[in-house]
Amino acid sequence: MNKELIDGQPVSLKKVVLVGAGNVATHLGPALCDAGYEVVQVFSRTEASASALAGKLHCPYTTMLDMVNPEADMYIVSVKDSALEKVIPPLVSRHPDAFFVHTAGSMPMNVWKGLAWHYGVLYPMQTFSKGRGVDFSTVPFFVEGSGKEEMETLKILAGQLGGKAYEATSEQRRYLHVAAVFACNFANHMYAVAEHLLALHGLPFGAMLPLIDETARKVHELSPLEAQTGPARRYDENVINRHLSMLADEPELAELYELISKNIHKFLSP
C-alpha cells in the first residue's frame, strides 16, 4: 500500500465505495466527504436506501453487486452481519488489489482472508440513527489491519473522520460489541419499558429524562458499581416484592425485573 500523503490522505485511498446504506453508512458517508475523500458510489440491495444516501453524497448508486464500481481505492462495508460473508467474495472479485474494510463489531477481520490482499476493520463504537447527527470527534474507532501499513492507514482514516483510533483484535472487539449491547441497546430497552409503564398510567416519559441524564453523568466520575442505587442494591425485598406484584399482569416484565434485581445484588455482594 502506498502511504505517501497528499492533502493528508494516503494517495491510494482517494476514491471510496460505500457498501451498505444503513445507519452507519449514512453517517460515515458525509464524514468521509468532509474529510476530503470522494465517495464514488453507494451500494445497497434496497433501492430506497441506496438512492437516499447517494443523493446526499451526490454520487451514483447501484443495487447489484456485479455493478459495483471496480475502480475504487477503498470499499467500506457496513451491512448486517448475516449478509457480510455473502457480500465479500463477489465484492472483492471486482478489484482484489483495493483496500477492503468492514465496520462490524462482532465479525472477525479474517472474513477477508484469502480473498483480499489489503483489508481491515474500522469499528466506530457508537449508536447511529439516520435521523440524528453524530459528532465523530467523540467516537472511538477500534481498528484492526491485515498488516502494519493497513493498520496505520486505518488510524489515519479514523483521525481524519474526527475520532480517536484504538487497536483491537477481533477477539477484543467481540467483547467490546457485547458490552456495548448491554450499555446501549439493553439500557435503551429499559427506557422503552419505563415509557410503557408510565403511559399505562397517564404519566409522561419526559419526567424520566433528568434521572436518565444524571445516571449517565455519574459514570463519568464513579464506577458503575459505585453509582448503583435502588432497592436491588440493598436487596430490599419489601420494595422488590411490591414491584413484582404491581407487574403481575405482565409476567415477562416481572421476570425481567426479578432477574436483573438478583444480578445487581450478586454484582455488589462481597
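Val101 stands opposite Gly120, a residue of strand β8. This is a predicted model, and the points below describe its open sheet of eight strands, its seven aromatic pairs and the buried face of helix α9.

**The sheet and the helix packed on it**

- Strand β7, which covers residues 99-102, runs parallel to strand β8, residues 118-124, and four bridges join the two.
- Helix α5 packs on the sheet, where it touches β7, β8, β9 and β10, and the direction of α5 makes about 25° with that of β8.
- The open sheet has its eight strands in the order β5-β4-β3-β6-β7-β8-β9-β10, and the pairing among them is mixed.
- Because β5 (61-62) and β10 each have a single partner strand, they stand at the edges of the sheet, and one side of each is left without a neighbour there.

**Aromatic pairs**

- A pair of aromatic rings is described by how far apart the centres lie and by the angle between the planes.
- The structure holds seven aromatic pairs, and one of them is the stacked pair of Phe142 and Tyr166, with 5.4 Å centre to centre and 25° between the planes.
- Since Phe142 belongs to strand β9 (residues 140-145) and Tyr166 to strand β10 (residues 164-167), this pair ties together parts that are 24 residues apart in sequence.
- Phe142 has a relative accessibility of 13% and therefore counts as buried, whereas Tyr166, with a relative accessible area of 35%, is partly exposed.
- The rings of Phe182 and Phe186 form an edge-to-face pair, because their planes stand at 75°, with the centres 4.9 Å apart.
- Both Phe182 and Phe186 lie in helix α5 (residues 170-200), four residues apart, which is about one turn of the helix.
- Phe182 counts as exposed at 54% relative accessibility, while Phe186 is partly exposed, its relative accessible area being 41%.
- Elsewhere, ring pairs link Tyr75, Phe100 and Trp112 into a cluster.

**Helix α9**

- Helix α9 spans residues 237-246, and Val239, Ile240 and Leu244 are buried in this helix.
- Seen down the axis of α9, the buried residues fall within an arc of 135°, so they line one face of the helix.
- The cover over these buried residues of α9 includes α8 (231-234) and α10 (251-268), whereas Asn238 and Met246, on the other side of α9, are exposed.

How values were computed
Residues numbered from 1 in each chain as written. Predicted model: local features only at pLDDT ≥ 70, side-chain atom pairs only at ≥ 80, totals over all residues. Heavy atoms only, no water. Phe/Tyr/Trp six-rings, centres within 6.5 Å; stacked < 30°, edge-to-face > 60°. Buried < 20%, exposed > 50% of the residue type's maximum accessible area, 1.4 Å probe, protein only. Pairing = 2+ DSSP bridges. Contact = heavy atoms within 4.5 Å. Axes fitted to C-alpha atoms, helices over the stretch in contact; angles between N-to-C directions. Arc of directions from axis to C-beta.
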